[in-house]
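Colleague: I have a chain open here and I am new to it. Can you walk me through it?

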Amino acid sequence: MGRKFFVGGNWKCNGTTEEVKKIVSTLNEGKIPSQDVVEVVVSPPFVFLPLVKSLLKPDFHVAAQNCWVKKGGAFTGEVSAEMLVNLGIPWVILGHSERRLILNESNEFVGDKVAYALAQGLKVIACVGETLEQRESGSTVEVVAAQTKAIAERVSNWANVVLAYEPVWAIGTGKVATPAQAQEVHSELRKWLHANVNPDVAATTRIIYGGSVNGANSKELAGQPDLDGFLVGGASLKPEFIDIIKSAE
Ligand code: PEP
């Protein structure tokens, strides 16, 4: 199967030039497993992407946190997939719950964005996840399946997609999913891909977990069979991000 462990760091809307440089030097100085073992991608705000890309060691790659749903043009405030490609930015995070919930991005809109970004040659970290209310009402699997379906209906080649399961109730709350809770949803997502896309995509697509991952809980989570890495918010701004990367070993 050979799903290489993947660790993404989502810096969200944080940082000054000085702070960003400090995070980069911590990363560059950190002792991490080789690129054969783990793929690490950090996602600074748009304005810092060129700086971070120019300073980071080649062990790390960069991702944008969003991009526009189609070709650029008269869309004030947006950044197009073509611009990211032009700058040599290989990855983009799409469908983060903060964009789905605060900016009202629908499943279909996220699916369109994923398809467009892939068609331009970007690799995509596509996020799905349920709210606390949805979990408590027993609809977790239904919710993440519907979010994944909107992507699957628009995408035929999954080679450049990493699926991030991020329960909304665990993001930035310090309330991490238990390894069993994460494994259960990852396994359901893999079954969904098997039944609705194809067995090869199910076997090869990396499904990563996000939601209050830190240096203390990453190792146990990483031991789950269907968990192929992490998308990390808060802790990706701190030196413990190195420990999270090391949980790939
Ligand atoms: C995220 O925003 O993708 C995330 C997982 O955040 P945190 O690790 O802070 O919960």
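Colleague: Where does T178 lie?

Modeller: T178 lies in the loop between β6 and α8. Keep in mind that this is a predicted model.

Colleague: Is T178 buried or exposed?

Modeller: T178 counts as exposed, because it has 12 C-beta neighbours inside 10 Å, and 12 or fewer is the cut-off for exposed.

Colleague: Let me step back. How many helices and strands does the chain have?

Modeller: There are 11 helices and eight strands in the chain.

Colleague: What does the C-alpha trace span?

Modeller: About 45 × 45 × 35 Å along its principal axes.

Colleague: What share of the residues count as buried?

Modeller: Of the 249 residues, 44% count as buried. As for contacts between residues at least 6 apart in sequence, 71% of them join residues at least 24 apart.

Colleague: Which residues have the most contacts inside the largest nonpolar core?

Modeller: V92, A117, V124, I125 and A126 have the most contacts inside that core, which has 76 residues. Helix α5, residues 107-119, gives the most to this core, with six residues. As a general point, nonpolar side chains in soluble globular proteins tend to be buried together.

Colleague: Take V124. What does V124 touch?

Modeller: Not counting residues up to four places away in sequence, V124 touches V92, L94, V114, A117, L118, N160 and V161.

Colleague: What about L122? Where does L122 lie?

Modeller: L122 is in the loop between α5 and β5. L122 counts as buried, because it has 22 C-beta neighbours inside 10 Å and the cut-off for buried is 20 or more.

Colleague: Which residues is L122 in contact with, leaving aside its neighbours within four places in sequence?

Modeller: A81, L84, V85, P90, W91, V92 and A117. Along the chain, L122 and L84 are 38 residues apart, and their C-alpha atoms are separated by 8.1 Å.

Colleague: On to helices. How far does α7 reach from its first C-alpha to its last?

Modeller: Helix α7 covers residues 140-152, which is 13 residues, and reaches 18 Å, close to the 18 Å expected at 1.5 Å a residue.

Colleague: Which residues of α7 are buried?

Modeller: The buried ones are T140, V143, V144, A145, Q147, T148, A150 and I151. What covers them includes α5, β5 (123-128), α6 (132-136), β6 (161-165) and α8 (179-196).

Colleague: Why does A145 count as buried?

Modeller: Because A145 has 20 C-beta neighbours inside 10 Å, and 20 or more is what buried takes. A145 and M83 are 62 residues apart in sequence and 31 Å apart in space, C-alpha to C-alpha.

Colleague: New topic. Which residues around the ligand come nearest?

Modeller: I171, G172, G210, G233 and G234 come nearest, out of 13 residues around the ligand. The shell has five nonpolar, seven polar and one charged residues.

Colleague: What is the phi of N104?

Modeller: N104 has a positive phi of about 60°, although it is not a glycine. In general, most residues other than glycine have a negative phi. N104 lies in the loop between α4 and α5 and is exposed, with 8 other C-beta atoms within 10 Å.

Colleague: And S212, what is its phi?

Modeller: S212 also has a positive phi of about 60° and is not a glycine. S212 is in the loop between β7 (206-210) and α10 (218-222). S212 is buried, with 20 other C-beta atoms within 10 Å.

Colleague: Last one. Is H96 buried or exposed?

Modeller: H96 is buried, with 27 other C-beta atoms within 10 Å. H96 lies in the loop between β4 (91-94) and α4 (97-102). H96 and E184 are 88 residues apart in sequence and 21 Å apart in space, C-alpha to C-alpha.

How values were computed: Residues are numbered from 1 along each chain as its sequence is written. This is a predicted model: local features need pLDDT of at least 70, side-chain atom pairs count only at pLDDT 80 or more; totals for chains, interfaces and linings use all residues. A residue is near a molecule or strand if its C-beta atom, placed from the backbone, lies within 6 Å of it. Ala, Val, Leu, Ile, Met, Phe, Trp, Tyr, Cys and Pro count as nonpolar, Asp, Glu, Lys and Arg as charged, and the others, Gly among them, as polar. A nonpolar core is a set of buried Ala, Val, Leu, Ile, Met, Phe, Trp, Tyr and Cys residues joined through C-beta atoms within 7 Å. Helices (H or I, at least four residues) and strands (E, at least two) are DSSP runs, numbered from the N terminus. Two residues are in contact if their C-beta atoms, placed from the backbone, lie within 7 Å. The expected span of a helix is 1.5 Å times one less than its number of residues.
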